[in-house]
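Before reading on, take a moment to look at the model as a whole, and then follow the paragraphs below from one part to the next.

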Amino acid sequence: MPDTHSTRRFDIVIAGASFAGLAFARALHTALGSDLRIALIDRTQRSASPAPESRAFALSAGARRMLETLGVWDEVAPLSQAVTEIEITDSSLEAGIRPVLLKYDNRLTPDAGNETTDEPASYIVPAAELEQALYRSVATSPGISFIVPAEIARFADTGSAVAITLRDGSEIEASLLVGAEGRRSASRESAGIKTVGWRYGQTAIVVLIAHERAHDGRAIQHFLPNGPFAILPLPGNRACLTWTEDEIEAKRILALDDAGFLAEVETRVAGRLGRVELAGPRQSWPLEMHLARAYVAPRFALIGDAAHGVHPIAGQGVNLAFRDVAALSEIVVDTLRLGLDPGSLEGLGRYERWRRFDSAVSAAAFDGLNKLFSNDALLVRAARDFGLGLVDRLPALKSRLVSEAAGLTGDLPRLFKSEPL
Amino acid sequence: MTQSTERAADPSKAGAPGPGGGNIDDAEIARFQNLAKAWWDPVGKFRPLHQIGPARLTFIRNELTRHFGREGSGLRPFKNLTVLDVGCGGGLMSEPLARLGARVTGIDPGEKNITIARDHAAPQGLDIDYRVTTAEELVAAGAKFDAVVCLEVVEHVPDVAAFVQTCASLVRPGGLLILSTINRTLKAYALAIVAAEYVLGWLPRGTHQWDRFVTPEEIGRYIAAAGLGTPRFEGFVYNPLRDQWSLSPDTDVNYLAAASKPA
């Protein structure tokens, strides 16, 4: 028996204090208050002055409703841009004029089963500010402890608890451990849960720009032969550019000096926004897709990128993560309110059945979309142009697509419907 | 296997008082004792009890919080309420009631059951007063509780009217009695015995005898005779698509009842 005197006991331990982990802690605390003892473990101590960040997310309406219900949205709303319109084009980089393939109003319509009209289906939210807001929402909450810097070495189900050993040898106990450390999840590895996945041989490049002309809330997706290129509008004539290149071309672009890099940006923006300048660091990630073979084990559950990483083509990674948060927090809160054990496989199994299918479908869909568009073959191009042209002419299908992208289809968790837990 | 005890539990032989006396059927105790180790296996012989747990607890939480004016959304809505769990078995209900803040006494005439219950609660730090005893003995000792819960028990006792009377007398004035059982309908025979024991194999054969099931009207009469108010009834039903049980107005098969004792 370990010396129980030095073993700290919590109800829920969350490994990873980033978007998913912080939001999950916030959801539980908001529903159950400080009687619930939560610990957040993270490898890094949060620095007082975070590094500059260019990333932004296309937050779905459902995910935004969750943040609003959790009292976090008000803080990021002024820094976020409602997407009023989405434009999809497809052309080679050299083509001077890019014919618009598909253009749609990005507002939810009542016929898509939403009570609120005029609510944008998505918002562009700067990543760093969103993470800060989530952190502040839990940083000083009684009942929530931060164990940093620390990492899980291993854990085991004792039957009545999960006994967690940290790398420094200290031990903590909880009813449930949630793995939210992102794609390299130490807790997932410790649980022996394997992943399936592959690399695309592509690199995502992200940079923040400031531009001369107003974007009018329009998000633009160009499908270039090397991969998609997106202009995600942010307040104050700024935008987050996200594009993918094959690894070798990406290496070349990333090695350019600022003037050279800006020239690459200008080629892609193609004069649509007037004069452009760099406003944030250039960042890059190798693209890969992965899916955990299981989302749960006894007293253990995975959320966010620890469970699944999708192609960032549709900017859906954070939305899937928040949907995990909404589903698991709902099940855990309902379980605790009945005095039942949140680590039991009954509730966790329900979470897995709820989320696994959805994220597998998303991963496959985004993967297919990427393959469809990262292709210059005439026949493929003709087929997709025809397909999108068809979508363009069918308003019902369009609003269905908007609703899907808004994260408002399927069996919705309560937080995605603006209902408190 | 439990084949021999199943035969011993033939209704024609039921009702003989055990050596401990009281309103108890020894064959029934023996059957549950033999299953004791399986109590906490969520996919074992008591899987149905694990599965109906959330629906039953939802009813208990709703009734207790309303009756005692508690806020139901927190972690410990039953703080400081004394609750008696009659026929607690391996502690499947006693533990959640304790986690919700109640000071729980769990009683069961089966010694093995109480050992299992104690061994399961201890490592979790749950302070539950488990005792090998009967409701009759507690009445003789003059015990009173804010609430008495008696779940899935009355269909296993020989004299239901006397048993309800016994449970009711353990409720303090102003307190609440909660019972659950199975209705004596054709549907209950089809679902709770034929389907659950023979077709789906959810329950060991012989777990239930149809003629021991009790109708809500009968429960209502026994409760009135015990001096408690008109009970509130709620059914719980199985949704095969979600593989989940939930509360329902349909009391044809499984149902719960809550009745208060005048202050």
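Within what distance do the axes of helix α7 (residues 160-169) of chain B and helix α9 (residues 216-225) of chain B come, and at roughly what angle do they cross? The two axes come within 9 Å and cross at roughly 50 degrees, where axes are lines fitted to C-alpha atoms, for helices over the stretch in contact, and angles run from 0 to 180 degrees between N-to-C directions. α7(B) and α9(B) are therefore oblique to each other, since angles under 35 degrees count as roughly parallel, over 145 as roughly antiparallel, 65 to 115 as roughly perpendicular and the rest as oblique. The contact is made by B:Val160, B:Ala161, B:Val164, B:Gln165 and B:Ala168 of α7(B), together with B:Tyr222, B:Ile223 and B:Ala225 of α9(B), and two residues are in contact if their C-beta atoms, placed from the backbone, lie within 7 Å.

A word on the model itself is needed here. This is a predicted model, in which local features need pLDDT of at least 70 and side-chain atom pairs count only at pLDDT 80 or more, while totals for chains, interfaces and linings use all residues. Residues are numbered from 1 along each chain as its sequence is written, and chains are lettered from A and ligands numbered from 1 in the order in which they are written.

Chain B as a whole has nine helices and eight strands, which are DSSP runs numbered from the N terminus (helices H or I, at least four residues; strands E, at least two). Of the 263 residues in chain B, 44% are buried; a residue is buried if 20 or more other C-beta atoms, placed from the backbone, lie within 10 Å of its own. In helix α5 (residues 111-121) of chain B, the buried residues are B:Asn113, B:Ile114, B:Ile116, B:Ala117, B:His120 and B:Ala121. Seen down the axis of α5(B), these buried residues fall within an arc of 160 degrees, so they line one face of the helix. An α-helix has 3.6 residues a turn, so residues three or four places apart point the same way.

Chain B also touches chain A, in a contact that takes 17 residues from chain B and 13 residues from chain A. On the side of chain B, α3(B) gives the most, with six residues.

Within chain A, the axes of helix α1 (residues 19-32) and helix α4 (residues 127-139) come within 9 Å and cross at roughly 35 degrees. Among the residues that make this contact are A:Phe19 and A:Leu22 of α1(A) and A:Leu130 and A:Leu134 of α4(A).

Notes. A residue is buried if 20 or more other C-beta atoms lie within 10 Å of its own, exposed if 12 or fewer, and partly exposed in between; C-beta atoms are placed from the backbone. The arc is that of the directions from the helix axis to the C-beta atoms.
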